[in-house]
Amino acid sequence: MRLIWDVVETVALALILFLLIRNVVQNFRIEGHSMEPNFHDGQYLVVNRLAYRFGKPARGDVIVFRYPNDPSRDFIKRVVGLPGEKVEIRMGQVFINDQPLIEPYGPAESTYSAPPIIVAQDQLYVLGDNRANSSDSHNWGPLPMSYVVGKAVLCYWPPQYWGPVRHGGT
């Protein structure tokens, strides 16, 4: 009887740990080139699913979210515009409240423009680092906060990219 109880306890503990971990972190595989030069196709990241339950996104955060046009797919982009801000893109330069955005994470250059938009209180404006080759807020509009899965925190594959994800808030 003691052996059966020990097995039940072990299985229950393993299940509880699995559920806790699964609700706190998620792995994510980057598909495509929209985040180059900073992230690459096939790279694997760990995503903190609780990051925004206890805090708010900051400019420069790299986030994973459900794609608004197909919520069965997850995308990765960088937070550029925060709630209440006016975001505009002129010939590749991002402006926040009419001030040029300094982007220390070095996104790839682009030349497109996007008209000014005020980000609603429950939304974010997100862009890929590879601006000219990214489906992001300049195409489909601001991202509802309810679609955010979490904040990318760690790269674990391939080995040459191991380490914490660099965010680039200003």
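Does Val 119 count as buried or exposed, and what is its relative accessibility? At 1% relative accessibility, Val 119 counts as buried (under 20% relative accessible area; exposed is over 50%, partly exposed in between; 1.4 Å probe, protein chains only). The model is predicted: local features need pLDDT of at least 70, side-chain atom pairs count only at pLDDT 80 or more, and totals for chains, interfaces and linings use all residues. Residues are numbered from 1 along each chain as its sequence is written, and side-chain values use heavy atoms, without hydrogens and water.

**View 1. Surroundings of Val 119.** Val 119 sits in the loop between strand 8 (114-118) and strand 9 (123-127). Strands are DSSP runs of E, at least two residues, numbered from the N terminus. Beyond four places in sequence, Val 119 touches Gly 81, Leu 82, Pro 83, Gly 84, Glu 85, Val 87, Leu 124 and Tyr 125 (heavy atoms within 4.5 Å).

**View 2. The ring pair Tyr 44 and Tyr 156.** The whole structure holds five aromatic pairs (Phe, Tyr or Trp rings, the six-membered one for Trp, with centres within 6.5 Å; planes under 30 degrees apart are stacked, over 60 edge-to-face, the rest tilted). Tyr 44 and Tyr 156 have ring centres 5.8 Å apart and planes at 45°, so the pair is tilted. Tyr 44 lies in strand 2 (residues 44-48) and Tyr 156 in strand 11 (residues 148-157), so the pair ties together parts 112 residues apart in sequence. Tyr 44 is partly exposed at 26% relative accessibility; Tyr 156 is partly exposed at 32%.

**View 3. Charges over rings.** The charged end of Arg 66 sits over the ring of Tyr 147, 4.9 Å from its centre (CZ of Arg or NZ of Lys within 6 Å of the ring centre and within 35 degrees of the ring normal). Arg 90 lies over the face of Phe 95, 3.8 Å from the ring centre.

Methods: Helices (H or I, at least four residues) and strands (E, at least two) are DSSP runs, numbered from the N terminus.
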